[in-house]
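Student: Please pick one part of this structure and go through it closely. Then place that part in its surroundings.

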Amino acid sequence: MKDFKNWREISKGYYRYVISSNVAYEIFIEYWLHDTPIETAKASLCLVGDWYRNKVSTTEREWLGKELPVQELLEIAYRDNKENNK
């Protein structure tokens, strides 16, 4: 999870790291100078999942970081996963 090479690019600038059948972390690249490492690109991170509460099924995104370097977002995702998904 900490290595961006393990994230799958879904479409241009949109990456996912699946942690279960209905839950994944997503990174959206907002600005990247292509002659620099992608880990320095400005991006946003969310946790997305399908949830079932009170007999209602939903899809929700929780934003965990916005307009930060990808490397910082990888650390945020790692910590969030370690603390909340055991």
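Tutor: In helix H1, the buried residues are Val70, Leu73, Leu74, Ile76, Ala77 and Asp80. Buried means under 20% relative accessible area, exposed over 50%, and partly exposed in between, with a 1.4 Å probe and protein chains only. Seen down the helix axis, the buried residues of H1 fall within an arc of 160°, so they line one face of the helix; the arc is that of the directions from the axis to the C-beta atoms. Lys82 and Glu83, on the other side of H1, are exposed.

This is a predicted model, in which local features need pLDDT of at least 70 and side-chain atom pairs count only at pLDDT 80 or more, while totals for chains, interfaces and linings use all residues. Residues are numbered from 1 along each chain as its sequence is written, and side-chain values use heavy atoms, with hydrogens and water left out.

H1 has 15 residues, and its span of 21 Å from first to last C-alpha is close to the 21 Å expected at 1.5 Å a residue. That expectation is 1.5 Å times one less than the number of residues. Helices (H or I, at least four residues) and strands (E, at least two) are DSSP runs numbered from the N terminus.

What lies over the buried face? The cover of the buried residues of H1 includes S3, S4 and strand S5 (56-69).

The largest nonpolar core has 17 residues, and Phe4, Trp7, Tyr25, Ile27, Leu45 and Val70 have the most contacts inside it. S3, strand S4 (42-53) and H1 (70-84) each supply at least two residues of this core, and H1 gives the most, with five. A nonpolar core is a set of buried Ala, Val, Leu, Ile, Met, Phe, Trp, Tyr and Cys residues joined through side-chain atoms within 4.5 Å. Leaving aside residues up to four places away in sequence, Trp7 touches residues including Leu74 and Ala77, as well as Tyr25, Ile27 and Leu45. Contact means heavy atoms within 4.5 Å.

Two strands pair if DSSP finds at least two bridges between them.

S1 (residues 8-11) and S2 (residues 14-20) have three bridges, and Glu9 is partnered with Tyr15 in S2. Two residues separate S1 and S2 in their hairpin, where Gly13 in the turn has a positive phi of about 75°. S2 and S3 (residues 23-31) are joined by six bridges, among them the one from Tyr14 to Phe28 in S3. A hairpin of two residues links S2 to S3. S3 and S4 share eight bridges, and Ala24 has Val48 in S4 as a partner.

Asn54, in the loop between S4 and S5, has a positive phi near 50° though it is not a glycine. Asn54 is exposed, with a relative accessible area of 75%. Glu67, in strand S5, also has a positive phi, about 55°, without being a glycine. At 52% relative accessibility, Glu67 counts as exposed.
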